[in-house]
Amino acid sequence: LYVLAPHVVNQSEFQVFSGMESCRGDDVDVLYNFKSIFECQLRCMEKNYGGFVTWNGHAYFRPHDPATLTGSMYSLNHTDLWVWNGFRPDKGPLANRRARRKHMRKLILKSPSIPLPL
């Protein structure tokens, strides 16, 4: 049995810029006809997106960091740019693979009964 506790969105985690757009066309995800802005904020946090733009009831998520989003924003009617301040840059699969290898080397060196690979 798994119980998923909902994440409480702290409003100070997001900055909103009314009438602004940024990095147009760089959408990694779209949420059509969202019911609440909290739904968009949760998806942004769960998927680790830098922010999103709302327009006409739809949310377009951007993969860029907050500095890029705020640095390249421009004025556009009927849009709102939401920037998540808690964005964590993804180190990518290569960094994860290196960390796993490093951990395995430590385990092998600690245990003399495991033969070392040649």
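User: Is H78 buried or exposed?
Analyst: H78 is exposed, with a relative accessible area of 71%. Exposed means over 50%, buried under 20%, and partly exposed in between, with a 1.4 Å probe and protein chains only. This is a predicted model, in which local features need pLDDT of at least 70 and side-chain atom pairs 80 or more, while totals for chains, interfaces and linings use all residues. Residues are numbered from 1 along each chain as its sequence is written, and side-chain values use heavy atoms, leaving out hydrogens and water.

User: Where does H78 sit?
Analyst: H78 belongs to strand 5, which covers residues 73-84. Strands (E, at least two residues) and helices (H or I, at least four) are DSSP runs, numbered from the N terminus.

User: What is the phi of H78?
Analyst: The phi of H78 is near 65 degrees, a positive value in a residue other than glycine.

User: What about the phi of N48, then?
Analyst: N48 has a positive phi of about 60 degrees, although N48 is not a glycine.

User: Where is N48 placed, and is it buried or exposed?
Analyst: N48 is found in the loop that runs between helix 1 (37-46) and strand 3 (51-55). With a relative accessible area of 18%, N48 is buried.

User: New topic: which strand holds M20?
Analyst: M20 lies in strand 1, which is made of residues 14-22.

User: How far is M20 from N77?
Analyst: The C-alpha atoms of M20 and N77 are separated by 7.4 Å, and the two residues are 57 residues apart along the chain.

User: Which residues is M20 in contact with?
Analyst: Leaving aside neighbours within four places in sequence, M20 is in contact (heavy atoms within 4.5 Å) with V53, M73, Y74, S75, L76, T79, D80 and L81.

User: Now D29. Where is that one?
Analyst: D29 is in strand 2, residues 29-31.

User: Does D29 count as buried or exposed?
Analyst: D29 counts as buried because its relative accessibility is 17%.

User: What does D29 touch?
Analyst: Residues up to four places away in sequence are not counted; beyond them, D29 touches R43, K47, Y49, A59, Y60 and F61.
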